[in-house]
Amino acid sequence: MKIALLYFPHREGHNSIFPFFLYKSQIESSGIKLQLFTSIKKLKEGSFDILFISGLSLPKLLGKQNSKEEFLKSLYDQKEYPVIFLSGNDSTGPIQKEILNLVDLYLSKQILKNKNLYLIPHKRHYFREKMMDLFRFKNENKFVPVSLEEKDLSKLGVSWNLALIDWKTQTSTKWKRYLTIFLKNKKPISPERVKPLSERRIPIMFKGNLFPKEHDVSRLHRLLTFRVASKVKTNAPPVSNSPLSHKEYLEQMKETVISLSPFGWGEICYRDFEAFRTGSLLFKPEMDHIHTFPDLYTSENHISYRWDASDLEEKIKDVLDDPSSFQKLALQGKVDFENVLNPEIFGKKFLQHLNEIISKARENFEKRPKIQSNESGR
């Protein structure tokens, strides 16, 4: 079987398909051949059995020639092979229905466990709607409500989250980033030895913006977390708030006991995995509502707190009173993160996930109707 990957070689495009590089040996050993395409013209000349499209790459690949919808419709009408769309959306929704209708499988980094919730109109995403109800917000934003139909749910699935990006590209040094992408270097970052929590000098850290006022719920959610953390008194010297390079940021996190990672534009943040990577103890709002891959959010490797942060202060104090009692959680997070980036450990599981994706795309491909051309619109 031949799999085509259409992407643009910039950081976002490279990261969206990085698991194909990381687990290449396991994938190709199973009889799958990978073909990379970085231009629409070359793609049209290719021959393959199934196509993955990086949604984050399409604007750069298409330029001003035509829209994403026009391009996807041209592929859909040809009905030559199943088309799988890798959404770059950071949240559980809303789903881009106009795109979902033109592909065989629409994969997001995370989706709601209860897919039926997508049948209910949402102006942004589930988390935002629930927070608005909780705090009785008046929605002044002019977002258009979006919902799916029952028939759409079979097209909706999970790709892979930010844990499986090429972490070597998360650097402030541009030439290193470009070289990594150009060489398609499949080697993951190497594990590092880190200090135990009891020896770290920074009790709590949250490096992230608080969003402007127009992003009402996201701003409120982060402010609730930040205000609770700010109330906790510690004897540690203050940490500078001056801008940091990515290397300096990681070094600071290696000295941090608790890394707070409230939701941002979506539930999953880079910060989650940076905390795991540096052996800091991740504090994360409850994630029970989402389905993602790989799912590293377990009670054995981090501490969860309520979306309104009502239980956060107590949990922070418990950890800071005796950090060594929570060392096992922090260590497990580090091990879990390192394991998913190890092809020898996680390659077989990713291959299984990939095969399930392909099987579902083929099933939908066989069922899909032919879209009729709209002659009157020409």
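Biologist: What should I know about the model and its numbering before I start?
Modeller: The model is predicted; local features need pLDDT of at least 70, side-chain atom pairs count only at pLDDT 80 or more, and totals for chains, interfaces and linings use all residues. Side-chain values use heavy atoms, with hydrogens and water left out, and residues are numbered along each chain as its sequence is written, from 1.

Biologist: How many helices and strands does the chain have?
Modeller: Helices (H or I, at least four residues) and strands (E, at least two) are DSSP runs, numbered from the N terminus. By that rule the chain has twelve strands and 15 helices.

Biologist: What is the radius of gyration of the chain, and what would a compact globule have?
Modeller: The radius is taken over C-alpha atoms, and the globule rule is 2.2 Å times the number of residues to the power 0.38. For 378 residues, that rule gives a radius near 21 Å. The chain agrees with it, at 22 Å.

Biologist: What box do the C-alpha atoms fill?
Modeller: The box is taken along the principal axes. Its size is roughly 70 × 50 × 35 Å.

Biologist: What share of the residues is buried?
Modeller: Buried means under 20% relative accessible area, exposed means over 50%, and partly exposed lies in between (1.4 Å probe, protein chains only). Of the 378 residues, the buried share is 52%.

Biologist: What percentage of the contacts join residues at least 24 apart?
Modeller: A contact means heavy atoms within 4.5 Å. Count the contacts between residues at least 6 apart in sequence. The share joining residues at least 24 apart is 73%.

Biologist: How far apart are the centres of the positive and negative side chains?
Modeller: Lys and Arg count as positive, Asp and Glu as negative; His and the chain ends are not counted. Each charge is placed at NZ of Lys, CZ of Arg, CG of Asp or CD of Glu. There are 61 positive and 46 negative side chains, and their centres lie apart by 5 Å.

Biologist: Is Ser91 buried or exposed?
Modeller: Ser91 sits in the loop between strand S4 (83-86) and helix H7 (97-100). Leaving out residues up to four places away in sequence, Ser91 touches Ser108, Gln110, His125, Trp265, Gly266 and Glu267. Its relative accessibility is 4%, so Ser91 counts as buried.

Biologist: Why do the buried residues of H13 line one face?
Modeller: Helix H13 covers residues 312-321, and its buried residues are Leu312, Ile316 and Val319. Seen down the axis of H13, they fall within one arc, so they line one face; the arc, that of directions from the helix axis to the C-beta atoms, is 65 degrees.

Biologist: Which exposed residues does the face of H13 turned away from its buried side carry?
Modeller: The buried side has cover that includes strand S8 (202-205), helix H10 (216-231) and strand S9 (256-260). Strands S10 (281-285) and S12 (303-305) are also among the cover. The face turned away carries Glu314 and Asp321.

Biologist: Within what arc do the buried residues of H9 fall?
Modeller: The buried residues of H9 are Arg177, Thr180 and Ile181. Seen down the helix axis, they line one face, because they fall within an arc of 95 degrees.

Biologist: Which residues are exposed on the other side of H9?
Modeller: What covers the buried residues of H9 includes helix H1 (11-16). On the other side, the exposed residues are Trp175, Tyr178, Phe182 and Leu183.

Biologist: What is the phi of Ala309?
Modeller: Ala309 lies in the loop between S12 and H13. At 4% relative accessibility, Ala309 counts as buried. Its phi is positive in a residue other than glycine, near 65 degrees.

Biologist: What is the phi of Lys79?
Modeller: Lys79 is in the loop between helix H6 (68-78) and S4. Lys79 is partly exposed, with a relative accessible area of 35%. Its phi is positive, near 45 degrees.

Biologist: Is the peptide bond from Phe293 to Pro294 cis or trans?
Modeller: Pro294 is found in the loop between strand S11 (290-292) and S12. Omega of the bond is near -10 degrees, and the bond is cis.
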